[in-house]
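Please keep the 3D view open as you read.

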Amino acid sequence: MEGPPPLRQNDPRLYRIERETGSIPREKAQTRGILGTLAAIGIVIVKFFAPLLKLLPFLKTGLSMLLMIVVYAQGGGWWWALGFVLLLFVHECGHLIVAKYFGLNVSAPVFIPFIGAMILLKEAPRNAWVEACIGIGGPILGSIGALVCHVLGVQLDQPLLISLALIGYLLNLFNLIPITPMDGGRIVTALSPWLWLLGLALMGALAFLRPNAFFFVLLIVILFQAIPRIRTLFRKRTDEEQRYFEVTPAQRLVIALSYFGLIAALVAGMHYAELDLQLRGLGVE
């Protein structure tokens, strides 16, 4: 009596036996083995790069700073570009420190050639007082940084440091123009939002007195961001908006003294920086 024919590799009876015994086909076992290996490799990669992901905001700041230094070095030299970008960094750190003090979540500074530097608030300030404090934090620390350059430039007889101080004074003063998105526009929310109209007039006057393509484009960008807020001046505020602009007399006095005092100090700093450069035979146009 002959027995059943031998089982071949593709014999249907083989797969029936495997299903009945719960065994896994060879192809599926290989696929699961590959997927498991890939998953293990993925876990190792994630664990390896997790610390680097935490450093991503700082890498973004560092790389954008480096790019800005390279761009500006083409026109003013490496030392001037480095000093200029560091002054911008100090300015942005002023905003960052105050925002952190009030418990707000903010991004790391980002540098954009020919535009400047910025931090992004990931949550809105609670009221006009907080917004004004964050706004003035940058110009205050930035002005201190420019003053340090000025003093070192005079003591070491380094015109480069004095010229950096001069541009630092100028940029911080320009930032105090009371119009959004400039720092001055945020500061005057604690004084009177109607000062935004003064800022609008000042920007128009500067565009008229110093006509050039770059400043015209900059003015358009500023106006594009300022108009929505200026329009709120001519409509009735909601109760929530009304509460936002409620500032105590003491807070308003602190902001007023800081704001107008800083403007006066920056104007004086520019004047003395120009004199110091002239004493060293370097005129300022």
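## A buried histidine

His-95 is part of helix H4, which covers residues 78-101. Please keep in mind that the model is a predicted one. With a relative accessibility of 5%, His-95 falls below the 20% cut-off and therefore counts as buried.

Which side chain makes a polar contact with that of His-95? The partner is His-91, and the contact spans 3.2 Å. Leaving aside residues up to four places away in sequence, His-95 also touches Ile-119, Ile-134, Gly-135, Gly-137, Gly-138, Pro-139 and Asp-183. Two of these names, Gly-138 and Pro-139, come back below, as they are among the H5 residues that meet H6.

## The chain as a whole

Stepping back, the protein chain holds eleven helices and two strands. Read from the N terminus, the order of elements is α-α-α-α-β-β-α-α-α-α-α-α-α.

The protein chain has 285 residues, and 34% of them count as buried. How much of the contact list comes from residues 24 or more positions apart? Among contacts with a separation of 6 or more, such pairs account for 64%.

## Helix H5 against helix H6

Helix H5 (residues 128-156) packs on helix H6 (residues 159-175) with the axes 7 Å apart and an angle of about 160°. The crossing of H5 past H6 is left-handed.

On the H5 side, the residues in contact are Gly-138, Pro-139, Gly-142, Ser-143, Ala-146, Leu-147, Cys-149, His-150, Leu-152, Gly-153, Val-154 and Leu-156. They meet Leu-161, Ile-162, Ala-165, Gly-168, Tyr-169 and Asn-172 of H6. Sorted by class, this contact of H5 with H6 comprises eleven nonpolar and seven polar residues, with no charged ones.

## Helix H6 against helix H11

H6 has another partner to look at: helix H11 (residues 249-279), whose axis comes within 9 Å of that of H6 and crosses it at roughly 155°. H6 and H11 are therefore roughly antiparallel to each other, and their crossing is left-handed.

From H6, the contact takes in Pro-159, Ile-162, Ser-163, Leu-166, Tyr-169, Leu-170, Asn-172 and Leu-173. Facing them in H11 are Ile-263, Leu-266, Val-267, Gly-269, Met-270, Ala-273, Glu-274, Asp-276 and Leu-277. By class, the contact of H6 with H11 has twelve nonpolar, three polar and two charged residues. Ile-162, Tyr-169 and Asn-172 of H6 take part here, and they are also listed in the contact with H5.

Leu-67 and Met-65 make a handy pair to compare. Is each of them buried or partly exposed? Leu-67 counts as partly exposed because its relative accessibility is 46%, whereas Met-65, at 13% relative accessible area, is buried.

Each has a partner some way along the sequence. Leu-67 and Pro-113 are separated by 46 residues in sequence, with 7.8 Å between their C-alpha atoms. For Met-65 and Pro-109, the separation is 44 residues in sequence and 9.2 Å from C-alpha to C-alpha. Beyond residues up to four places away in sequence, Met-65 touches Val-85, Leu-86, Phe-89 and Phe-111.

Conventions:
Residues numbered from 1 in each chain as written. Predicted model: local features only at pLDDT ≥ 70, side-chain atom pairs only at ≥ 80, totals over all residues. Heavy atoms only, no water. Helix = DSSP H or I, 4+ residues; strand = E, 2+ residues; numbered from the N terminus. Buried < 20%, exposed > 50% of the residue type's maximum accessible area, 1.4 Å probe, protein only. Polar contact = N/O pair within 3.5 Å; in protein donor to acceptor, adjacent residues only side chain to side chain. Contact = heavy atoms within 4.5 Å. Axes fitted to C-alpha atoms, helices over the stretch in contact; angles between N-to-C directions. Left-handed = near helix turned anticlockwise from the far one by under 90°. Nonpolar A, V, L, I, M, F, W, Y, C, P; charged D, E, K, R; others polar. Parallel < 35°, antiparallel > 145°, perpendicular 65-115°, else oblique.
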